[in-house]
Amino acid sequence: MRYRGVSDDLEYQLASLKERHRFVDKVLDIVLRLNDFSFLSGSTVSREVVLGETLRRLKRLFECSSAGFYLVDDEAAFSLARFEGDGERLEAERKILLKDGSFAWALNRNKPVLLKASDGENTVLLHAMSTSTRTMGMFLGIMNSDRGTLLDSHLYFVTVVLNSAASVLQYLELFSMVRGLNEDLELKVDELTRSERELTLYKEDLERLVQLRTSELADANARLGDTVIGVVDAMGKIVESRDPYTAGHQRRVASIAATLAEMVGMSEDEVEGVRIAGLVHDIGKIAIPAEILTKPAKLNKLEFKMVQTHPEAGFDMLRSIVFPWPVADMVRQHHERLDGSGYPKGLSGDEILMGARCLAVADVVEAISSHRPYRPGLGIEEAVQELKLNRGSGYDPKVVDACLQLMEDSSFVERYLS
């Protein structure tokens, strides 16, 4: 009888892990669909399409009887922009939540909030839709009473999906604004640049299955953590799928940066954190139009300014994920320089994490050595000159010295740049 009890317990644990696996697969489906929207310009996809598809999938995922997106309007008020189910029921719940302060509390918290519905039986799920710069709106869903208990890992993915959706909505707004500016400029220069660029779509089938090994309950949480890192890694590869010239760039930067981190004395655990940050350091480029990433000429000031937003956008996408390392901060700082000349914050000296300093050196070495749409690769010697010229001013001296030593190895190109 005792063995049978243990067997039943293991079967229950296995069923629980399989249910989590299925849940993560559904979340990946939503995130990848949001990524598809980022490939398209504002003329081929609308805010309503993004809201409609995301809402439909979220409603099904959390088994909501009714769900809706409340977006911030021009008067800073929240209005129901899209809903599935009973719109009047949603509005009634919202008024109650506004009156008792729960709506504002959930907005400021930027995490999933579960509350009892007004009928005393069902559950209301609230979560803000936010980027690092602004609040786009609020998700409100009424979950059926028989939905069962939501795990913290389930609620975490609400943040992943809604932050991704907010980034796509903000991108559509930015795209619309830039398109308007470009149209005005084209009129002023007699439409000389109207036909210079076309939006190029690069799509690759993203094959990344999150695998959980069924084992003892003691390491179940660790396995789920591996799944979260796998999701972020898969999202990071989206950037390279849009630009064949930088395919493999993040992988190569991660390899070089991790080696440099080890050489300058960082611990084994810290080295792993640098490697993970390297794999997703350009994830913010999801928010940049593909035609700018692949432009075969020098970027103008407006385009370059848009490119410079990618470290902050990457931080926004990663900040809600609980890593054992400061991955989001390293991603935001990988274009900072010791003398304060970098971006996005103009940090200097000790304000810059050592892991970010390793990423900065690895990034510039890989970028100079590899081909780009606007120029062929410049070679190792050019990278060496760049490091020597800016040693101590732009780049950390210890990291530069370690990299120069690494590049003296005849196998460097084959090991790190192939």
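Q: In which loop is Pro344 found?

A: Pro344 is in the loop between helix H12 (327–333) and H13. Helices here are DSSP runs of H or I with at least four residues, strands are runs of E with at least two, and both are numbered from the N terminus. Before we go on, a word on the model. It is a predicted one, in which local features need pLDDT of at least 70 and side-chain atom pairs count only at pLDDT 80 or more, while totals for chains, interfaces and linings use all residues. Residues are numbered from 1 along each chain as its sequence is written, and side-chain values use heavy atoms, with hydrogens and water left out.

Q: What is the geometry of the peptide bond from Tyr343 to Pro344?

A: That bond is cis, and its omega is near 15 degrees.

Q: How many helices and strands does the chain have, and what share of its residues is buried?

A: The secondary structure comes to 16 helices and 5 strands. For burial, look at relative accessible area: under 20% is buried, over 50% is exposed, and partly exposed lies in between (1.4 Å probe, protein chains only). By that rule, 50% of the 418 residues count as buried. The chain exposes about 21,000 Å², with carbon and sulfur atoms supplying 50% of it; such areas come from the Shrake-Rupley method with a 1.4 Å probe, and for residues only the protein chains shown count as cover.

Q: What share of the contacts is made by residues 24 or more positions apart?

A: A contact means heavy atoms within 4.5 Å. Among contacts in the chain with a separation of 6 or more, residues 24 or more positions apart account for 64%.

Q: How do I check the span of a helix, say H13?

A: Helix H13 (residues 354–369) has 16 residues and should span 22 Å; its end C-alpha atoms are 23 Å apart, which agrees. Of those 16 residues, 14 are buried, so H13 is largely enclosed by the rest of the structure. The buried residues of H2 include Val50, Leu51, Leu55, Leu58 and Leu61. Just after H2, Glu63 takes a positive phi of about 50 degrees.

Q: How do H7 and H13 pack?

A: Two packed helices are described by the angle between their axes and the distance between the axes. The axes are lines fitted to C-alpha atoms, for helices over the stretch in contact, and angles run from 0 to 180 degrees between N-to-C directions. H7 and H13 pack at about 130 degrees with their axes 8 Å apart. That makes H7 oblique to H13, given that angles under 35 degrees count as roughly parallel, over 145 as roughly antiparallel, 65 to 115 as roughly perpendicular and the rest as oblique. On the H7 side, the contact residues include His249, Arg252 and Ile256, and those of H13 include Cys358, Leu359 and Glu366.

Q: Which helices pack with H15?

A: H7 and H14 both do. The axes of H7 and helix H15 (residues 397–407) come within 9 Å and cross at roughly 115 degrees. That makes H7 roughly perpendicular to H15, and their crossing is right-handed. Thr259, Leu260 and Met263 in H7 meet H15 residues including Val399 and Ala402. Helix H14 (residues 380–389) packs with H15 at about 160 degrees, the axes being 10 Å apart. H14 is thus roughly antiparallel to H15, and passes H15 in a left-handed crossing.

Q: Is Ala254 buried or exposed?

A: Ala254, in helix H7 (residues 249–263), is buried, with a relative accessible area of 1%. Leaving aside neighbours within four places in sequence, Ala254 is in contact with Arg275, Gly278 and Leu279.

Q: What about Ser130 in strand S4: which residues is Ser130 in contact with?

A: Ser130 lies in strand S4 (residues 123–130) and counts as buried at 6% relative accessibility. Beyond neighbours within four places in sequence, the contacts of Ser130 include Asn110, Asn163, Asp316 and Arg319.

Note on methods. A crossing is left-handed if the near helix is turned anticlockwise from the far one by less than a right angle, and right-handed if clockwise. The expected span of a helix is 1.5 Å times one less than its number of residues.
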